[in-house]
Structures are given as C-alpha cells and as structure tokens.
There are 2 protein chains.
Amino acid sequence: MVTKRVPAGLPEDADLRRADSLAREIFSDVANKWALLIIEALGEGTLRFSELRDEVEGVSHKMLTQNLRMLERNGLVERTVHPTVPPRVEYTLTEPGRELRTAVDAICGWTHEHLDHVERARERFGER
Amino acid sequence: MVTKRVPAGLPEDADLRRADSLAREIFSDVANKWALLIIEALGEGTLRFSELRDEVEGVSHKMLTQNLRMLERNGLVERTVHPTVPPRVEYTLTEPGRELRTAVDAICGWTHEHLDHVERARERFGER
DNA sequence: CTGGATCCCGACAGATACTG
DNA sequence: CAGTATCTGTCGGGATCCAG
C-alpha cells in the first residue's frame, strides 16, 4: 500500500490521513475470499441471486447476501429488483467493479499457472 | 474462476478435479487481507520480521508469523535466517510471488483511484 | 425467489509468557 | 530479535426459521 509522505501539520494532512484510512477500509472489504469470488463469478454478465449461489461454489446464503450488500454499498455491484412474483433480483458489476475484476482475473490466472510451483514448494516445506 | 469442462469419467477427470480443488485452496490462502498486505509490503525488496510488523500497519505478531509461514509453505516468500545473535530473519518474494504482487498492486491502485466513487456510492446507499 | 433475523459453535485473533 | 505456546474472548459463518 503506497502512501504519499507529507510533512506533518500541513493543511492537507488531515485529508491525506482520511483518504488513506478510507483506502485501507475499502481494501479490507474487498480483499476477502468471498468478495473476490463473487466479482469473478459476475464477470461481464448479470446473475440472479440463486445463480450466484450456484456459481460461487461453497458460499452460504448468509455470506452471499452479506458480501453482495457490501459490494453494492461500495458501488462495485449494481442490484436491480424486478417486482415480479416470485421476485427476481439481478446483480451486475459496475464500471469500477469491472475494472477491479481484471485484477481478480490476474490472481485467478496466477493461481492456475503456478499449481506445480506451489505443490513442489509444499513438498519441500513438508520435509521437517 | 474459469474451469475447463470435460466429459465425466475420462482418465484425466480425477486430475482436473484435483487441480481445481488445489487452485481453490491456494486462492483461499492468498485471498485474505493480511497475506495481500504482506505481499504488497515486501514489494521488490527484503524485509526483516520486525520491519514487516511496522510496515504492515495493524498486523499482530501472531497473524504476521502465521501468514508468513503460509506464504513460505506455498512458495511465495523465501525466508533466510542469519545465524547471528540476535537472530536476523529476512523475507523476500520469490519469482512467482513477485508475479502475484503485480496483481495486488493493481488492487491497491484501484482502491486509491476510486475513493470518490466509493464514497459517493456509500452516501447513496446510506439513504434508506 | 430473495433476504432478513436468530441461534450457536468452532475458528480465529489478541494478549501474554516463555525459549533460543 | 524471532518464534512458539497457551489461554481466552470475539465473531465469522453455517443452519434454520420467518416474511415479503
């Protein structure tokens, strides 16, 4: 987390602190397993709640709603309710959300590309 | 998380399942706040344990060691002990670790670039 | 179907103390 | 300084039930 350094006490000092703590807060929100998997699952498209639950393997009802609310609150995901019966709710990444997704993609890609490296590292690590 | 689809029952089927579950496991390990912050803190350089504790703001002694062990086990971080007194232990990203770091950089960058967007989204979300 | 609310247990994370 | 161990409380997160 790169932080701009400024002599203490200047007028803009407080603002910078605020911005940094906000950045940390957002990072903490976003940098968790379920949030990233949801972002990855949404991809370019639109998914319903139940589709997401199926798509994001292993996520519980609670964690899904919780993270979706959080992502919506932070403006990463847009939630559109179709007032039909039964209700139909769709989730889509916003533009910033899609931008973040490319980073998540990179992590996913990295994971698959280094399976062997990790496995070998684990074996070596196991020898003790 | 893109998964290659193969007709069930083929010889390589089991291998693919194993690879996927391994990928998920690695992802779960890596996609957490402290691990990502540690990777980001290490950057291109080398840091001692105590330097990392200072650098990664808010991390506890325990979480730091725990995550460092995990990153070492997965071959993302290299740990070198200098048998001096007092002991001096240094941590560096491995090559795969540095590759992953670029993705983490992207997330950090994203965070700082969208502070306003997030703040506005939160305000709008608050109106309920 | 979506999702809020509640209960409850296990895992996680902090604090502290102890070794090399 | 670096790291392990233990103890303890908190809370993440699953299961379940209820409502719109």
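These questions and answers set values from a predicted two-chain model against the definitions behind the terms.

In this predicted model, local features need pLDDT of at least 70, side-chain atom pairs count only at pLDDT 80 or more, and totals for chains, interfaces and linings use all residues. Residues are numbered from 1 along each chain as its sequence is written, chains are lettered from A and ligands numbered from 1 in the order in which they are written, and side-chain values use heavy atoms, with hydrogens and water left out.

Q: What makes up the elements of chain A?
A: Chain A has 6 helices and 3 strands. From the N terminus on, their order is α-α-β-α-α-β-β-α-α. Helices (H or I, at least four residues) and strands (E, at least two) are DSSP runs, numbered from the N terminus.

Q: Which residues does T111(B) touch?
A: T111(B) touches A23(A), I26(A) and F27(A), leaving aside residues up to four places away in sequence. Contact means heavy atoms within 4.5 Å.

Q: What class does C108(A) fall in, buried or exposed?
A: The relative accessibility of C108(A) is 4%, so C108(A) counts as buried. C108(A) is part of helix 5 of chain A. C-alpha to C-alpha, C108(A) and H61(A) are 23 Å apart in space and 47 residues apart in sequence.

Q: How many of the 128 residues in chain A are buried, as a percentage?
A: Buried residues make up 42% of chain A.

Q: What makes a set of residues a nonpolar core, and how many residues has the largest one?
A: A nonpolar core is a set of buried Ala, Val, Leu, Ile, Met, Phe, Trp, Tyr and Cys residues joined through side-chain atoms within 4.5 Å. The largest has 72 residues. Those with the most contacts inside it are L52(A), L100(A), L52(B) and L100(B). L100(A) touches V30(A), I39(A), L76(A), I107(B) and W110(B), not counting residues up to four places away in sequence.

Q: Why are helix 2 and helix 5 of chain A called roughly perpendicular?
A: Angles under 35 degrees count as roughly parallel, over 145 as roughly antiparallel, 65 to 115 as roughly perpendicular and the rest as oblique. The axes of helix 2 (residues 33-42) and helix 5 (residues 95-113) of chain A cross at roughly 105° and come within 9 Å. Helix 2 and helix 5 of chain A are therefore roughly perpendicular. Axes are lines fitted to C-alpha atoms, for helices over the stretch in contact, and angles run from 0 to 180 degrees between N-to-C directions.

Q: How do you know that helix 2 and helix 4 of chain B are roughly perpendicular?
A: Helix 2 (residues 33-42) and helix 4 (residues 61-73) of chain B pack at about 75°, with axes 10 Å apart. Helix 2 and helix 4 of chain B are therefore roughly perpendicular. W34(B), A35(B), I38(B) and I39(B) of helix 2 meet residues of helix 4 including M63(B), L64(B) and N67(B).

Q: How do you know that the two copies are related as by a two-fold rotation axis?
A: Chain B can be laid on chain A by a turn of 180° and a shift of 0.0 Å along the axis, with an RMSD of 0.1 Å. The copies are thus related as by a two-fold rotation axis. Copies are superposed by least squares on the C-alpha atoms of residues with pLDDT of at least 70 in both.

Q: Why do the copies meet through the same surface?
A: Of the interface residues of chain B, 100% are also interface residues in chain A, so the copies meet through the same surface.

Notes:
Buried means under 20% relative accessible area, exposed over 50%, partly exposed in between (1.4 Å probe, protein chains only).
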